[in-house]
Amino acid sequence: MSLSLAVLVSGGGSNLQAIIDAIEDGRLDASIKLVLSNKVDAYGLTRAANHGLPTAVLQHGDYDSREAFDAAMISTIRDHGADVIILAGFMRILTPGFIREFAPNILNTHPALLPSFAGAHGARDAVDYGVRISGCTIHFVNEIMDNGPVIIQAAVPALPGEDPGDLAKRILRYEHRIFPQAIQWLAEGRLSIDGRHVHVQDAEAIPAASTPGALVCPALDEGF
Ligand code: GRF
């Protein structure tokens with residue numbers, strides 16, 4: 001079933017771009033009905049405009065409460081005919097009311113291997129902790145931040161002494177691969193949720209993946 005997406009962004013929108021590219025290449029059966037930002041200067045809005053996609057800006061500072069802001073987002077999203085929510089670098093915590101409105105069709109990308117390093121600074125926190133492997137996670141969203149059932153993860157090595165921004169950039173490349181993949185699985189009706197577990201029905205392994213839902217990036221000595 002072709003999905004009607006609202007993509008929510010707060011910044012650069014490179015994940016949005018990866019989703020646009022996947023749709024335009026025919027790898028993702030979806031249409032973007034709305035790109036919604038809480039920041040007027042988010043570059044994601046420019047990316048959307050470059051592809052003729054509808055955009056809206058709702059600034060949370062203009063609302064008295066989180067509930068009022070989220071109610072405005074719900075009606076804007078509904079007005080544009082979207083019913084699947086893609087959180088692509090959207091840096092606002094959503095209210096339970098927003099999540100109930102669209103659940104389970106809300107997907108988020110997080111730049112760490114959840115449940116490690118939840119929160120706004122996943123890559124930086126992983127570097128500070130000194131992990132050897134980090135990565136990214138695409139998950140369904142529930143009412144607890146960065147907690148919903150995992151759909152797919154990619155493992156990315158963290159280099160000793162690496163600048164957190166460099167690790168974040170390398171992780172981002174893998175977000176761009178696994179996020180469109182997860183959305184396509186949703187479009188194909190292959191995802192079912194059983195408690196904390198997401199079953200991916202008949203998933204063919206994506207390149208370099210040995211298991212549906214797990215992507216291990218090439219080893220460093222293979223030219224990564
Ligand atoms: C991504 O790493 C995402 O996981 C995090 O913020 C970044 C957004 O990047 N929450 P972009 O705006 O998609 O380029």
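A crossing is right-handed if the near helix is turned clockwise from the far one by less than a right angle, and left-handed if anticlockwise. Helices (H or I, at least four residues) and strands (E, at least two) are DSSP runs, numbered from the N terminus.

The model is predicted: local features need pLDDT of at least 70, side-chain atom pairs count only at pLDDT 80 or more, and totals for chains, interfaces and linings use all residues. Residues are numbered from 1 along each chain as its sequence is written, and side-chain values use heavy atoms, without hydrogens and water.

**Exercise 1. Describe how α1 packs on α6.**

Step 1. Take the geometry. Axes are lines fitted to C-alpha atoms, for helices over the stretch in contact, and angles run from 0 to 180 degrees between N-to-C directions. The axes of α1 and α6 lie 9 Å apart, at an angle of about 50°.

Step 2. Classify the angle. Under 35 degrees is roughly parallel, over 145 roughly antiparallel, 65 to 115 roughly perpendicular, and the rest oblique. The angle therefore makes α1 oblique to α6.

Step 3. Assign the hand. α1 and α6 cross in a right-handed way.

Step 4. List the contact (heavy atoms within 4.5 Å). From α1 come S14, N15, A18, I19 and A22; from α6 come L172, E175, H176, F179, P180 and I183.

Step 5. Sort by class. Ala, Val, Leu, Ile, Met, Phe, Trp, Tyr, Cys and Pro are nonpolar, Asp, Glu, Lys and Arg charged, and the others, Gly among them, polar. The contact of α1 with α6 has 7 nonpolar, 3 polar and 1 charged residues.

**Exercise 2. Is α1 mostly covered or uncovered?**

Step 1. Count the buried residues (under 20% relative accessible area; exposed is over 50%, partly exposed in between; 1.4 Å probe, protein chains only). In α1, 8 of 11 residues are buried, so the helix is mostly covered.

Step 2. Name them: S14, N15, L16, Q17, A18, I19, I20 and A22.

Step 3. Find their partners. They pack against β1 (3-9), β2 (30-37), α2, β4 (84-87), β5 (106-110) and α6.

Step 4. Look past the helix. G26 follows α1, with a positive phi near 80°.
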